[in-house]
Amino acid sequence: MTATVIDGKEFAARVRAKVAGHVTRLKDENGITPGLAVVLVGEDPASQVYVRSKGKMTVEVGMNSFEHKLEVNTSEEDLLALIEKLNNDPAVHGILCQLPLPKHLDEDLIINSISPAKDVDGFHISNVGLLGTGQKSMVPCTPLGCLMMLRDHHGSISGMNAVVIGRSNIVGKPMAQLLLNDSATVTIAHSRTKDLADVVRAADIVVAAVGRPEMVPGDWIKQGATVIDVGINRIDAPEKGEGKTRLVGDVDYASCVEVAGAITPVPGGVGPMTIACLLANTVTACCRANG
Ligand code: GUN
């Protein structure tokens with residue numbers, strides 16, 4: 001039997017429609033337009049694509065988008081001054097500083113200079129601590145999108161065995177925390193994990209977030225398990241013609257889809273949910289700021 005394919009594109013469109021409804025009410029009933037500021041330092045092509053896409057979708061749901069594009073050699077002092085200005089700007093409810101930052105900038109220092117209330121990425125140390133203790137916080141967008149899909153598919157994940165492959169601060173760790181807060185039994189696997197195949201085979205839920213193309217084969221997946229693929233990897237695709245590429249996830253979709261009960265595709269799975277959750281976080285930040 002092949003798996004149910006979880007359609008992240010369709011789910012994300014529903015989330016965005018809900019966000020747009022909230023935005024309309026905030027405008028009509030409170031005279032407030034939520035605003036998201038995105039800061040991009042340098043000209044990393046992938047980051048430019050993400051930032052453009054974020055700006056477009058922010059406007060589409062009726063919010064204000066403020067884009068700040070800074071030169072690659074911007075000083076830490078200047079970047080901190082901009083963030084301070086955005087922290088104090090009442091029209092800005094969410095601030096996102098696109099990562100990775102150029103090497104000369106201290107990423108932790110920059111992230112922690114964003115007001116925790118406007119930290120729609122959920123990366124500020126205060127938000128990390130609040131999430132870790134199960135308190136109300138800003139939740140990182142990609143793990144939040146994964147959790148929403150899992151809750152939607154299963155209703156409740158309480159008591160399920162979940163394995164998160166990858167321990168990044170952006171995805172793996174907050175994902176594990178969210179699963180734990182929903183009463184799953186959680187294992188975080190990573191590059192040093194022994195017998196990774198057996199660890200994954202014990203899981204009812206597998207979240208793959210390692211950034212290694214098609215690393216998880218179908219014979220690691222327990223029959224009927226739910227597979228959430230966070231990876232977005234561009235690989236050569238000579239079968240499509242010379243110099244052509246294609247996007248693949250961290251799981252080998254062709255073999256996993258035969259064993260899993262449900263699976264997210266790449267593209268069209270987790271990816272679209274990330275921006276939808278960013279927009280949702282911005283509305284949340286706006287509502288909290290305005291009582
Ligand atoms: N770079 C890659 N993913 C992200 C993200 O979720 N937030 C930010 N700020 N930068 C990123």
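**The ligand and its surroundings**

Mentor: The model is a predicted one. Domain 1 (31–118) and domain 2 (141–271) both give residues to the shell around the ligand, so the ligand lies between them.

Trainee: Which residues surround the ligand?

Mentor: The shell consists of L96, C97, Q98, L99, D121, C141, T142 and I170. Strand 4 (94–97) and helix 6 (141–154) are the elements that give two or more residues to it.

Trainee: And how many of the shell residues are nonpolar, polar or charged?

Mentor: The shell has 5 nonpolar residues, 2 polar ones and 1 charged one.

Trainee: How many Å separate the centres of the two domains?

Mentor: The centres of domain 1 and domain 2, taken over C-alpha atoms, are 28 Å apart.

Trainee: What does UniProt place along this chain?

Mentor: An unreviewed UniProt entry places the feature "domain: Tetrahydrofolate dehydrogenase/cyclohydrolase catalytic" at residues 6–121. In the model, that span is 48% helix and 16% strand, and its end C-alpha atoms are 24 Å apart. The unreviewed entry also places "domain: Tetrahydrofolate dehydrogenase/cyclohydrolase NAD(P)-binding" at residues 140–288. Residues 140–288 are 36% helix and 19% strand, with 17 Å between the end C-alpha atoms.

Trainee: Is P140 buried or exposed?

Mentor: P140 is buried, because 29 other C-beta atoms lie within 10 Å; the threshold for buried is 20 or more. Leaving aside neighbours within four places in sequence, P140 is in contact with D121, G122, F123, I170 and P174. Of these contacts, D121 and I170 also belong to the shell around the ligand.

Trainee: What does V206 touch?

Mentor: Not counting residues up to four places away in sequence, V206 touches V163, V200, I221, A225, V227 and I228.

Trainee: A change of topic: where does UniProt place the "binding site" feature?

Mentor: The unreviewed entry places "binding site" at G166, R167, S168 and I232. R167 lies in the loop between strand 5 (161–165) and helix 7 (172–181), and S168 is also in the loop between strand 5 and helix 7.

Trainee: How many C-beta atoms lie within 10 Å of R167, and how many of S168?

Mentor: R167 has 18 other C-beta atoms within 10 Å and is partly exposed. S168 has 17 C-beta neighbours inside 10 Å and likewise counts as partly exposed.

Trainee: Let us turn to the backbone. Where are the cis peptide bonds?

Mentor: A cis peptide bond joins L99 and P100, with omega about 0 degrees. L99 is one of the residues that surround the ligand, and P100 lies in the loop between strand 4 and helix 4 (107–111). The peptide bond from V266 to P267 is also cis, with omega near -5 degrees. P267 is found in the loop between strand 11 (262–263) and helix 10.

Trainee: Which residues other than glycine have a positive phi?

Mentor: D195 has a phi near 50 degrees, and E214 has a positive phi of about 50 degrees. D195 is in the loop between strand 6 (185–189) and helix 8 (196–201), whereas E214 is in the loop between strand 7 (205–208) and strand 8 (226–229).

Trainee: Are D195 and E214 buried or exposed?

Mentor: D195 counts as exposed because it has 9 C-beta neighbours inside 10 Å. E214 has 20 C-beta neighbours inside 10 Å, so E214 counts as buried.

Technical notes. Residues numbered from 1 in each chain as written. Predicted model: local features only at pLDDT ≥ 70, side-chain atom pairs only at ≥ 80, totals over all residues. Near = placed C-beta within 6 Å. Helix = DSSP H or I, 4+ residues; strand = E, 2+ residues; numbered from the N terminus. Nonpolar A, V, L, I, M, F, W, Y, C, P; charged D, E, K, R; others polar. Domains from an automatic or database assignment. UniProt positions renumbered as here; feature names shortened; annotations may be inferred. Contact = placed C-beta atoms within 7 Å. Buried ≥ 20, exposed ≤ 12 C-beta atoms within 10 Å, placed from the backbone.
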